[in-house]
Amino acid sequence: MFRLMSIPIVVLGLLTSACQTSMLKQFDSIKPGMEKDDVLDIMGSPNQTQRVSGKDRWYYTFYDKRMRFQKEVQFVDGMAIYIGEVAQPVAEQSAAAVDARNETYNKQVDEEIKKEVLENRKAYDAYEAQTRGTDKVRYLPQFEPIR
């Protein structure tokens with residue numbers, strides 16, 4: 001009895017799985033200017049969301065024919081402005097490049113501070129010597145004893 005019932009269920013499962021549309025084709029149907037609701041209707045909820053520089057970024061990860069795809073949709077004011085591969089920052093704006101620039105700038109600032117400290121120390125020593133009068137040679141008068 002169970003054998004007879006399981007055959008139509010298996011056949012029905014195979015037929016419905018063959019009719020599913022590819023996520024890649026669904027993603028290709030998204031166009032710039034679409035609203036967030038339209039993208040949600042087509043793709044469903046994103047795997048990851050992020051807000052950067054006033055842009056909402058939605059990331060979708062899916063598999064098609066054993067290949068992994070990562071796609072991104074960027075929104076400004078609820079409208080899609082970028083659809084495609086995950087956008088990478090320009091090389092000059094990457095975290096490593098910014099860190100390297102900051103490191104060189106920090107080294108320059110440190111050197112300037114060291115120079116200033118040495119100059120200030122010398123200026124203070126000169127001021128202290130002038131105030132105490134140790135920078136000048138003082139002569140004590142020679143008195144002759146009174147008779």
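The model we are looking at is predicted, so local features need a pLDDT of at least 70, side-chain atom pairs count only at pLDDT 80 or more, and totals for chains, interfaces and linings use all residues. Residues are numbered from 1 along each chain as its sequence is written, and side-chain values use heavy atoms, with hydrogens and water left out.

Let me begin with the overall layout. The chain holds four helices and four strands, where helices (H or I, at least four residues) and strands (E, at least two) are DSSP runs numbered from the N terminus. Read from the N terminus, the order of these elements is α-α-α-β-β-β-β-α. Of the 147 residues in the chain, 16% are buried. The chain exposes about 12,800 Å², of which carbon and sulfur atoms supply 56%; accessible areas here come from the Shrake-Rupley method with a 1.4 Å probe, and for residues only the protein chains shown count as cover. If we take the contacts with a separation of 6 or more, 29% of them are between residues 24 or more positions apart, contact meaning heavy atoms within 4.5 Å.

Now to the strands. E2 and E3 run antiparallel and are joined by nine bridges, while E3 and E4, also antiparallel, are joined by six; two strands are said to pair if DSSP finds at least two bridges between them.

Which residues have the most contacts inside the largest nonpolar core? They are Phe27, Ile30, Val39, Tyr60, Phe62 and Val73, in a core of 13 residues, a nonpolar core being a set of buried Ala, Val, Leu, Ile, Met, Phe, Trp, Tyr and Cys residues joined through side-chain atoms within 4.5 Å. Two or more residues of this core come from each of helix H2 (23–28), helix H3 (36–43), strand E2 (55–64) and strand E3 (67–76). Phe62, not counting residues up to four places away in sequence, touches Met23, Leu24, Phe27, Met43, Met67, Arg68, Phe69 and Lys71.

Finally, is Gln74 buried or exposed? Gln74, which sits in strand E3, is buried because its relative accessible area is 4%. Leaving aside neighbours within four places in sequence, Gln74 is in contact with residues including Lys55, Asp56, Arg57, Ile81 and Tyr82. The side chain of Gln74 also makes a polar contact with the side chain of Glu72, at 3.0 Å, where a polar contact is a pair of N or O atoms within 3.5 Å; within protein, one must be able to donate a hydrogen and the other to accept it, and residues adjacent in sequence count only if both atoms are side-chain atoms.

Methods:
Buried means under 20% relative accessible area, exposed over 50%, partly exposed in between (1.4 Å probe, protein chains only).
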